[in-house]
Amino acid sequence: MNDNTSFELNLFESFKEGDETAFTYFYDKYFHRITAFSVQFIYDKDEAENLAQEAFLHLWQTRENVESINGIPSFLYTYAKSKCLNMIRHNKVKDKFKNDILNQKERELDIEILNSVQFDTLELTELERLIHESISDLPPKTREVFIKKRFENKKNAEIAEEMQVTLKAVEAHMTKALKILKTKLSDYLFLIFILICNN
């Protein structure tokens with residue numbers, strides 16, 4: 001462990017205990033990143049700064065729930081993503097064209113979050129292994145529906161036709177799969193949300 005990592009881990013522990021100086025360190029480190037991240041999608045710097053302030057306030061109020069130092073940027077980017085999407089939804093007319101734009105924005109937000117948060121390579125390798133194991137453990141039909149939906153990008157109607165089941169059955173299998181995976185992979189909930197559980 002290098003000195004910088006040790007220093008930040010100590011600050012993280014102090015932050016968890018309510019040390020405002022430690023909080024200020026992380027605020028200074030991430031505030032401009034969260035603002036820049038948000039302004040790409042809502043095109044309003046003042047609003048983006050307000051959103052970043054709100055994210056840090058909520059982080060401070062719920063700091064006991066942050067379990068690791070990576071949890072700080074994870075929390076901030078996820079909060080910013082949610083608020084950005086809410087603003088986009090509020091400001092756009094919900095016809096098909098606008099919804100397509102919204103879906104594209106959401107994909108861009110997900111990619112931006114993953115690019116902005118640095119995760120240890122071993123952690124990601126372990127996550128990949130756990131995901132594959134957990135998918136393999138799903139009941140056969142549930143696993144087949146999940147793979148067709150998430151990895152082959154097929155629509156529910158296509159899956160229903162291929163498997164000769166009803167649309168409701170496809171939806172039920174997806175609900176069951178996500179519930180099982182979220183339970184098994186709860187320690188990696190942030191990454192799971194970004195990688196596989198985001199509709």
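Tutor: Helix axes here are lines fitted to C-alpha atoms over the stretch in contact, with angles running from 0 to 180 degrees between N-to-C directions. This is a predicted model, where local features need pLDDT of at least 70, side-chain atom pairs count only at pLDDT 80 or more, and totals for chains, interfaces and linings use all residues. Residues are numbered from 1 along each chain, and side-chain values use heavy atoms, without hydrogens and water.

Student: At what angle do helix α2 and helix α3 pack?

Tutor: Take α2 as residues 20–42 and α3 as residues 45–61. Their axes lie 8 Å apart, and the angle is about 140°.

Student: Are α2 and α3 parallel, perpendicular or oblique to each other?

Tutor: Roughly antiparallel would need over 145 degrees, roughly parallel under 35 and roughly perpendicular 65 to 115. The angle of α2 with α3 is about 140°. The two helices are therefore oblique.

Student: How many nonpolar residues does the contact of α2 with α3 have?

Tutor: Contact means heavy atoms within 4.5 Å. Residues meeting across it include Phe23, Phe26 and Tyr30 in α2, and Leu51, Phe56 and Trp60 in α3. By class, three residues of this contact are polar and four charged, while the nonpolar ones number 14.

Note on methods:
Helix = DSSP H or I, 4+ residues; strand = E, 2+ residues; numbered from the N terminus. Nonpolar A, V, L, I, M, F, W, Y, C, P; charged D, E, K, R; others polar.
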